[in-house]
Amino acid sequence: MSSSFSRRKPIHSQGWRNHSSVTEFILLGFSRNPRTNWILFFLFLFLFLYVFTVLGNGLIVTLIRVDAHLHTPVYFFLSILSLLDLSYATTTVPQMLVHLVSKNKTISYVGCVVQMYVFLTLGITETWIFAAMAYDRYVAICYPLHYRFKMSQTLCVLLAVSSALCGLSCALVYTVFAMNLPYCGPNEINHFFCEIPAVLKLACADTSLSDQVDFILGFILLLIPLSLILASYVRIFMAIPKIRSTQGKIKAFSTCALHITVVTMFCIPCMVMYMRPGSEASPEDDKKLALFYNVISAFLNPIIYSLQNKDVKRAFLKLVENE
């Protein structure tokens, strides 16, 4: 996905096999200054970024599961999105918090591969779930009388499973191409987790083929879903003026605005990260972008979807009253 065609590393004449293979990596994180690390640790821990992400997304999943009024396609996809956000942040944040206060900042080679694969799987799946959610809104607004028929339970499950299979398969291709390269030192990753653009910089071989595969995957996994989302919302905004009631127009526009906000927060930083030339990549900027679409986006999604959603509020109050 990172189209860094200019980032080519020469193969040494003696061959990389003369070098000892890397068995672990060191994650440099945000700063080597212990005082800065403690500040960052308290920022993340006591401002509840991760805790609120887990509780907020977990609460949404629970409400949708226990409240029969939320057993609809839109909330089915929202529950999947919340599960993905919760898992997405959990893949990186706990390790990041430990490394912020620990002198040992290593991760094994196998651990790095697993983290990379899980992170990519969740991220790719989430991108396609966004497209499914946009299609759901398109059908609900443009074909309200046929909504239940068109958005059947079978179709919803099919869209969710297809998104997951796409994530699993594309992440596997991506990870295999990246980790099939030789890594013979140095082993310091200038990032807070094993993200492919940062790891590829350590490869002691020509990475041009991997770069090309990354760019093609980036095109498929980002631009195609975004194109489907854009097409859905073009049709939606064309249909909104035809809605007779003012309240209906406001509700349709509000729902779409929320989804567009969430998609923008996640996909735009991903595009900047994975589809720009490697020569323009800055490690510090990469960390900020990754922090935004990995942590901040997952943290804000429950707030965005719950504050403006009367159904979620009603389900929460009902759950509290029953307790």
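Which residue in E3 stands opposite Leu27? Leu27 stands opposite Ile189 in E3. This is a predicted model, in which local features need pLDDT of at least 70 and side-chain atom pairs count only at pLDDT 80 or more, while totals for chains, interfaces and linings use all residues. Residues are numbered from 1 along each chain as its sequence is written, and side-chain values use heavy atoms, with hydrogens and water left out.

**Overall make-up**

- The protein chain holds eleven helices and three strands; helices (H or I, at least four residues) and strands (E, at least two) are DSSP runs, numbered from the N terminus.
- In sequence order the pattern is β-α-α-α-β-α-α-α-β-α-α-α-α-α.
- Of the 323 residues, 49% count as buried; buried means under 20% relative accessible area, exposed over 50%, and partly exposed in between, with a 1.4 Å probe and protein chains only.
- The accessible surface of the protein chain is about 16,300 Å², and 67% of this area belongs to carbon and sulfur atoms; areas come from the Shrake-Rupley method with a 1.4 Å probe, and for residues only the protein chains shown count as cover.
- Of the contacts between residues at least 6 apart in sequence, 81% join residues at least 24 apart, where contact means heavy atoms within 4.5 Å.

**The sheet**

- The three strands form an open sheet in the order E2-E1-E3, with mixed pairing.
- E2 and E3 are the edge strands, each pairing on one side only; two strands pair if DSSP finds at least two bridges between them.
- E1 (residues 24–27) and E2 (residues 106–108) are antiparallel and share three bridges, with Phe25 opposite Ile107 in E2.
- E1 and E3 (residues 188–189) run parallel and are joined by two bridges.
- In a regular strand the side chains alternate between the two faces of the sheet.

**Helix H6**

- H6 (residues 153–179) has 27 residues and spans 39 Å from its first C-alpha to its last, close to the 39 Å expected at 1.5 Å a residue; the expected span is 1.5 Å times one less than the number of residues.
- Buried residues of H6 include Cys156, Cys166, Cys170, Tyr174 and Met179.

- Phe215, Ile216, Phe219, Ile220, Ile224 and Leu228 make a nonpolar surface patch of about 490 Å².
- Patches consist of residues with over 30% relative accessible area and no salt bridge, with like charges joined within 9 Å and nonpolar side chains (Val, Leu, Ile, Met, Phe, Trp, Tyr) within 5 Å; a salt bridge is a side-chain nitrogen of Lys or Arg within 4 Å of a carboxyl oxygen of Asp or Glu.
- Ile224 lies in H8 (residues 208–239) and is partly exposed at 33% relative accessibility.
- Phe237 is also placed in helix H8 and is partly exposed, with a relative accessible area of 35%.
- Leaving aside residues up to four places away in sequence, Phe237 touches Phe253, Cys256 and Ile260.

**Val263 in helix H9**

- Val263 belongs to H9 (residues 246–274) and is buried, with a relative accessible area of 6%.
- Not counting residues up to four places away in sequence, Val263 touches Phe130, Leu226, Ile229 and Ile268.
- Val263 and Asn301 are 38 residues apart along the chain, and their C-alpha atoms are separated by 9.9 Å.
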